[in-house]
Amino acid sequence: AEPGETLTYTITLTNGYSQAAPYDLVDNIDDNTAYVAGSATVDGAAREPTGSDPLLWSDLIIPANGAVNVVYQVQVADLLPEGVTSIGNVAYDEGDPEPKCDVMPTPPNCVPTPAQRTGLELVKKGAYDHDGNAAAIAGDKILYTFTVTNTGNVPLAEVTPVDEGPTFNGMKGTGALSPFTPAPLTLDPGRSQVFQATYTLSQTDIDNGAGIEDGVRNTAIAIGYANGTRVTGTPVESKESVWSLALPAPKPLT
(Lines give C-alpha, C1' and ligand atoms only; values in the text may rest on other atoms or scores of the structure.)
Protein backbone atom coordinates (compact mmCIF):
# COMPACT_ATOMS: atom_id res chain seq x y z
CA ALA A 1 0.00 0.00 0.00
CA GLU A 2 1.78 3.08 -1.27
CA PRO A 3 1.08 6.62 -0.01
CA GLY A 4 -1.71 8.10 -2.12
CA GLU A 5 -2.55 4.75 -3.73
CA THR A 6 -6.14 3.64 -4.31
CA LEU A 7 -7.09 0.23 -2.88
CA THR A 8 -10.13 -1.69 -4.09
CA TYR A 9 -11.92 -4.03 -1.68
CA THR A 10 -14.43 -6.75 -2.60
CA ILE A 11 -16.62 -8.20 0.13
CA THR A 12 -18.52 -11.37 -0.77
CA LEU A 13 -21.58 -12.25 1.31
CA THR A 14 -22.71 -15.85 0.75
CA ASN A 15 -26.06 -17.36 1.77
CA GLY A 16 -26.12 -21.16 1.96
CA TYR A 17 -29.76 -21.36 2.96
CA SER A 18 -32.87 -21.93 0.87
CA GLN A 19 -34.38 -18.55 1.73
CA ALA A 20 -33.15 -15.02 1.05
CA ALA A 21 -31.59 -13.32 4.06
CA PRO A 22 -30.95 -9.67 5.02
CA TYR A 23 -27.52 -8.47 6.06
CA ASP A 24 -26.36 -5.15 7.54
CA LEU A 25 -22.75 -4.84 6.41
CA VAL A 26 -20.29 -2.77 8.44
CA ASP A 27 -16.81 -2.17 7.07
CA ASN A 28 -14.29 -0.48 9.35
CA ILE A 29 -11.64 1.09 7.13
CA ASP A 30 -8.11 1.90 8.28
CA ASP A 31 -7.50 5.29 9.91
CA ASN A 32 -4.83 5.92 7.30
CA THR A 33 -7.31 5.60 4.44
CA ALA A 34 -10.32 7.59 3.24
CA TYR A 35 -13.38 6.26 1.42
CA VAL A 36 -13.52 7.27 -2.26
CA ALA A 37 -16.98 8.79 -2.67
CA GLY A 38 -19.01 7.28 -5.50
CA SER A 39 -16.89 4.13 -5.77
CA ALA A 40 -19.25 1.62 -4.10
CA THR A 41 -21.34 -0.94 -5.96
CA VAL A 42 -23.54 -3.84 -4.82
CA ASP A 43 -23.57 -6.57 -7.45
CA GLY A 44 -22.52 -4.02 -10.02
CA ALA A 45 -25.16 -1.40 -9.19
CA ALA A 46 -24.05 1.87 -7.61
CA ARG A 47 -24.96 2.04 -3.92
CA GLU A 48 -23.24 4.37 -1.50
CA PRO A 49 -22.72 3.39 2.13
CA THR A 50 -23.98 5.31 5.11
CA GLY A 51 -21.08 7.05 6.85
CA SER A 52 -17.46 7.31 5.79
CA ASP A 53 -15.70 5.36 8.59
CA PRO A 54 -17.02 2.84 9.30
CA LEU A 55 -19.03 2.25 6.16
CA LEU A 56 -22.53 0.77 6.48
CA TRP A 57 -24.78 -0.88 3.92
CA SER A 58 -28.11 -1.68 5.58
CA ASP A 59 -30.68 -4.24 4.44
CA LEU A 60 -28.61 -6.01 1.83
CA ILE A 61 -30.64 -8.98 0.60
CA ILE A 62 -28.57 -12.08 -0.01
CA PRO A 63 -30.48 -14.47 -2.34
CA ALA A 64 -31.10 -18.08 -1.36
CA ASN A 65 -28.08 -20.23 -2.14
CA GLY A 66 -26.47 -17.17 -3.66
CA ALA A 67 -24.00 -14.39 -3.00
CA VAL A 68 -23.70 -10.59 -3.19
CA ASN A 69 -20.47 -8.72 -3.94
CA VAL A 70 -19.90 -5.30 -2.41
CA VAL A 71 -17.03 -3.41 -4.03
CA TYR A 72 -15.60 -0.06 -3.01
CA GLN A 73 -12.35 1.92 -2.92
CA VAL A 74 -10.27 3.80 -0.36
CA GLN A 75 -7.30 6.09 -0.86
CA VAL A 76 -4.20 5.66 1.28
CA ALA A 77 -2.98 8.78 3.05
CA ASP A 78 -0.28 10.71 1.20
CA LEU A 79 1.97 10.45 4.24
CA LEU A 80 1.92 7.34 6.40
CA PRO A 81 2.98 7.83 10.03
CA GLU A 82 6.28 6.33 11.15
CA GLY A 83 5.84 2.72 12.22
CA VAL A 84 2.79 1.90 10.10
CA THR A 85 3.47 -1.56 8.67
CA SER A 86 0.10 -2.44 7.16
CA ILE A 87 -3.27 -1.06 6.12
CA GLY A 88 -6.12 -2.94 7.79
CA ASN A 89 -9.74 -3.55 6.88
CA VAL A 90 -12.44 -5.51 8.70
CA ALA A 91 -16.02 -6.30 7.61
CA TYR A 92 -18.80 -7.80 9.75
CA ASP A 93 -22.52 -7.88 10.51
CA GLU A 94 -23.70 -4.75 12.32
CA GLY A 95 -25.27 -6.94 14.97
CA ASP A 96 -22.02 -8.72 15.79
CA PRO A 97 -18.99 -7.44 17.74
CA GLU A 98 -16.13 -6.27 15.58
CA PRO A 99 -13.69 -9.15 14.99
CA LYS A 100 -10.19 -8.83 16.43
CA CYS A 101 -7.67 -8.79 13.60
CA ASP A 102 -4.51 -9.08 15.73
CA VAL A 103 -4.97 -12.79 16.45
CA MET A 104 -3.71 -15.88 14.62
CA PRO A 105 -5.01 -17.23 12.40
CA THR A 106 -6.33 -13.96 10.98
CA PRO A 107 -10.16 -14.07 10.74
CA PRO A 108 -11.54 -14.04 7.16
CA ASN A 109 -13.28 -10.75 8.01
CA CYS A 110 -9.87 -9.06 8.25
CA VAL A 111 -7.65 -8.06 5.34
CA PRO A 112 -4.22 -6.56 6.17
CA THR A 113 -2.30 -5.04 3.25
CA PRO A 114 1.44 -4.46 3.84
CA ALA A 115 2.28 -0.76 3.87
CA GLN A 116 5.11 0.61 1.82
CA ARG A 117 8.36 0.66 3.77
CA THR A 118 11.46 2.33 2.38
CA GLY A 119 15.04 2.19 3.56
CA LEU A 120 18.65 2.23 2.44
CA GLU A 121 21.75 1.09 4.28
CA LEU A 122 25.29 2.12 3.37
CA VAL A 123 28.58 0.58 4.46
CA LYS A 124 31.63 2.47 3.21
CA LYS A 125 35.24 1.34 3.28
CA GLY A 126 38.50 2.75 1.96
CA ALA A 127 42.04 1.61 1.32
CA TYR A 128 45.23 3.46 0.48
CA ASP A 129 46.78 2.26 -2.77
CA HIS A 130 50.46 3.03 -2.19
CA ASP A 131 52.00 1.10 -5.09
CA GLY A 132 54.70 -0.13 -2.71
CA ASN A 133 55.71 3.37 -1.63
CA ALA A 134 57.00 3.65 1.92
CA ALA A 135 55.31 7.05 2.22
CA ALA A 136 52.43 8.79 0.47
CA ILE A 137 53.33 10.67 -2.69
CA ALA A 138 51.27 12.86 -4.98
CA GLY A 139 49.35 10.77 -7.50
CA ASP A 140 48.67 7.88 -5.12
CA LYS A 141 45.04 6.89 -4.83
CA ILE A 142 42.54 6.06 -2.12
CA LEU A 143 40.15 3.32 -3.25
CA TYR A 144 36.62 3.50 -1.82
CA THR A 145 33.84 0.90 -1.88
CA PHE A 146 30.22 1.68 -1.03
CA THR A 147 27.92 -1.28 -0.30
CA VAL A 148 24.32 -0.09 -0.60
CA THR A 149 21.40 -2.31 0.50
CA ASN A 150 17.69 -1.74 -0.08
CA THR A 151 16.23 -2.55 3.35
CA GLY A 152 12.65 -1.65 2.39
CA ASN A 153 9.92 -3.58 0.57
CA VAL A 154 9.71 -1.52 -2.64
CA PRO A 155 12.20 -0.97 -5.48
CA LEU A 156 14.21 2.25 -5.40
CA ALA A 157 15.27 4.02 -8.58
CA GLU A 158 18.51 5.87 -9.36
CA VAL A 159 20.29 4.53 -6.27
CA THR A 160 23.80 5.92 -5.84
CA PRO A 161 26.22 7.02 -3.09
CA VAL A 162 26.69 10.71 -2.30
CA ASP A 163 30.17 11.66 -1.09
CA GLU A 164 31.82 15.09 -1.08
CA GLY A 165 35.28 13.55 -0.84
CA PRO A 166 37.81 13.20 1.97
CA THR A 167 39.20 15.74 4.37
CA PHE A 168 42.81 15.75 5.52
CA ASN A 169 43.17 16.59 9.20
CA GLY A 170 39.88 18.46 8.86
CA MET A 171 40.87 20.32 5.68
CA LYS A 172 38.94 19.76 2.48
CA GLY A 173 40.79 17.79 -0.18
CA THR A 174 42.09 19.63 -3.22
CA GLY A 175 40.54 17.12 -5.63
CA ALA A 176 37.28 15.28 -6.12
CA LEU A 177 36.15 11.68 -6.12
CA SER A 178 35.99 9.95 -9.46
CA PRO A 179 32.51 9.13 -10.84
CA PHE A 180 30.91 6.17 -9.10
CA THR A 181 30.82 2.85 -10.86
CA PRO A 182 28.36 1.50 -11.69
CA ALA A 183 26.11 4.42 -12.62
CA PRO A 184 22.89 5.04 -10.63
CA LEU A 185 20.58 2.03 -10.88
CA THR A 186 17.32 0.49 -9.64
CA LEU A 187 17.76 -1.61 -6.50
CA ASP A 188 15.12 -4.19 -5.61
CA PRO A 189 14.09 -4.94 -2.00
CA GLY A 190 16.69 -6.96 -0.13
CA ARG A 191 19.33 -6.51 -2.83
CA SER A 192 22.77 -4.95 -2.43
CA GLN A 193 25.08 -3.20 -4.86
CA VAL A 194 28.76 -2.34 -4.46
CA PHE A 195 29.82 1.00 -5.91
CA GLN A 196 33.42 2.11 -6.29
CA ALA A 197 35.22 5.44 -6.58
CA THR A 198 38.81 6.69 -6.23
CA TYR A 199 40.48 9.83 -4.94
CA THR A 200 43.88 10.97 -6.23
CA LEU A 201 46.16 12.55 -3.64
CA SER A 202 47.84 15.90 -4.15
CA GLN A 203 50.93 17.04 -2.31
CA THR A 204 48.79 19.53 -0.36
CA ASP A 205 46.54 16.67 0.80
CA ILE A 206 49.59 14.74 1.96
CA ASP A 207 51.09 17.73 3.74
CA ASN A 208 47.81 18.28 5.57
CA GLY A 209 47.01 14.72 6.59
CA ALA A 210 49.96 12.31 6.38
CA GLY A 211 51.22 10.73 9.56
CA ILE A 212 48.07 11.56 11.54
CA GLU A 213 46.00 8.74 12.98
CA ASP A 214 42.64 8.70 11.16
CA GLY A 215 43.80 11.90 9.48
CA VAL A 216 41.93 11.11 6.27
CA ARG A 217 38.23 11.06 6.88
CA ASN A 218 35.08 11.29 4.85
CA THR A 219 31.36 10.74 5.17
CA ALA A 220 28.91 9.35 2.65
CA ILE A 221 25.22 8.57 2.33
CA ALA A 222 23.25 6.60 -0.23
CA ILE A 223 20.16 7.98 -1.93
CA GLY A 224 17.41 6.50 -4.09
CA TYR A 225 13.84 7.33 -5.10
CA ALA A 226 10.58 5.53 -4.34
CA ASN A 227 7.53 5.65 -6.60
CA GLY A 228 9.35 7.36 -9.43
CA THR A 229 12.63 8.93 -10.42
CA ARG A 230 14.71 11.80 -9.04
CA VAL A 231 12.24 14.14 -10.74
CA THR A 232 8.97 12.40 -9.86
CA GLY A 233 9.69 10.16 -6.86
CA THR A 234 10.20 10.49 -3.12
CA PRO A 235 13.86 10.59 -1.98
CA VAL A 236 15.06 7.89 0.40
CA GLU A 237 18.39 8.39 2.16
CA SER A 238 20.59 6.12 4.25
CA LYS A 239 22.26 7.08 7.49
CA GLU A 240 25.79 8.44 7.20
CA SER A 241 28.69 6.03 6.88
CA VAL A 242 32.09 7.36 7.99
CA TRP A 243 35.50 5.94 7.12
CA SER A 244 38.92 7.04 8.32
CA LEU A 245 42.47 6.00 7.51
CA ALA A 246 46.04 7.15 8.04
CA LEU A 247 48.49 8.05 5.29
CA PRO A 248 52.12 7.05 5.90
CA ALA A 249 54.34 10.10 6.33
CA PRO A 250 57.89 10.42 5.03
CA LYS A 251 60.54 9.61 7.60
CA PRO A 252 62.32 12.71 8.88
CA LEU A 253 65.80 13.29 7.51
CA THR A 254 68.62 12.56 9.94
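Between which two strands does the loop that holds Pro-182 lie? The points below take up this question together with other features of the model, which is predicted.

1. **Elements and overall form.** The protein chain contains 20 strands and one helix. Its radius of gyration is 29 Å, whereas the globule rule gives 18 Å for 254 residues; the chain is therefore more spread out than a compact globule. Along the principal axes, the C-alpha atoms fill a box of roughly 105 × 35 × 25 Å.

2. Of the 254 residues in the protein chain, 37% are buried. Among contacts with a separation of 6 or more, 73% are made by residues 24 or more positions apart. The student may wish to read this value with the sequence and the structure side by side.

3. **The disulfide.** How many disulfides are there in the count? The count comes to one. The disulfide joins Cys-101 to Cys-110, with a distance of 2.0 Å from S to S. The angle about the S-S bond is -80°, and the link of Cys-101 and Cys-110 is left-handed. The two partners may also be described by their accessibility. Cys-101 has a relative accessible area of 36%, so it is classed as partly exposed. Cys-110 has a relative accessible area of 7%; because this is under 20%, Cys-110 counts as buried.

4. **Two cis peptide bonds.** The bond from Asp-53 to Pro-54 is cis, with omega near 5°. Pro-54 is placed in the loop between strand 5 (45-46) and strand 6 (55-62). Thr-181 and Pro-182 are also joined by a cis peptide bond, for which omega is about 0°. The opening question is answered here: Pro-182 lies in the loop between strand 15 (171-172) and strand 16 (185-187).

5. **Asp-59 and its positive phi.** Most residues other than glycine have a negative phi. Asp-59 is not a glycine, yet its phi is positive, near 55°. This residue, Asp-59, is found in strand 6. Is Asp-59 buried or exposed? Its relative accessible area is 53%; because this is over 50%, Asp-59 counts as exposed.

6. **Glu-158 and its positive phi.** Glu-158 likewise is not a glycine and has a positive phi, of about 50°. Glu-158 belongs to strand 13, which covers residues 156-163. Its relative accessibility is 27%, so Glu-158 is classed as partly exposed.

7. **Surroundings of Glu-158.** Which residues does Glu-158 touch, not counting those up to four places away in sequence? They are Pro-184, Leu-185, Thr-186, Ile-223, Gly-224, Tyr-225, Thr-229 and Arg-230.

8. **Separation of Asp-59 and Glu-158.** From C-alpha to C-alpha, Glu-158 and Asp-59 are 52 Å apart in space, and 99 residues separate their positions in the sequence.

Terms used
Residues are numbered from 1 along each chain as its sequence is written. This is a predicted model: local features need pLDDT of at least 70, side-chain atom pairs count only at pLDDT 80 or more; totals for chains, interfaces and linings use all residues. Side-chain values use heavy atoms; hydrogens and water are left out. Helices (H or I, at least four residues) and strands (E, at least two) are DSSP runs, numbered from the N terminus. The radius of gyration is taken over C-alpha atoms; the globule rule is 2.2 Å times the number of residues to the power 0.38. Buried means under 20% relative accessible area, exposed over 50%, partly exposed in between (1.4 Å probe, protein chains only). Contact means heavy atoms within 4.5 Å. A disulfide is a pair of cysteine sulfur atoms within 2.5 Å.
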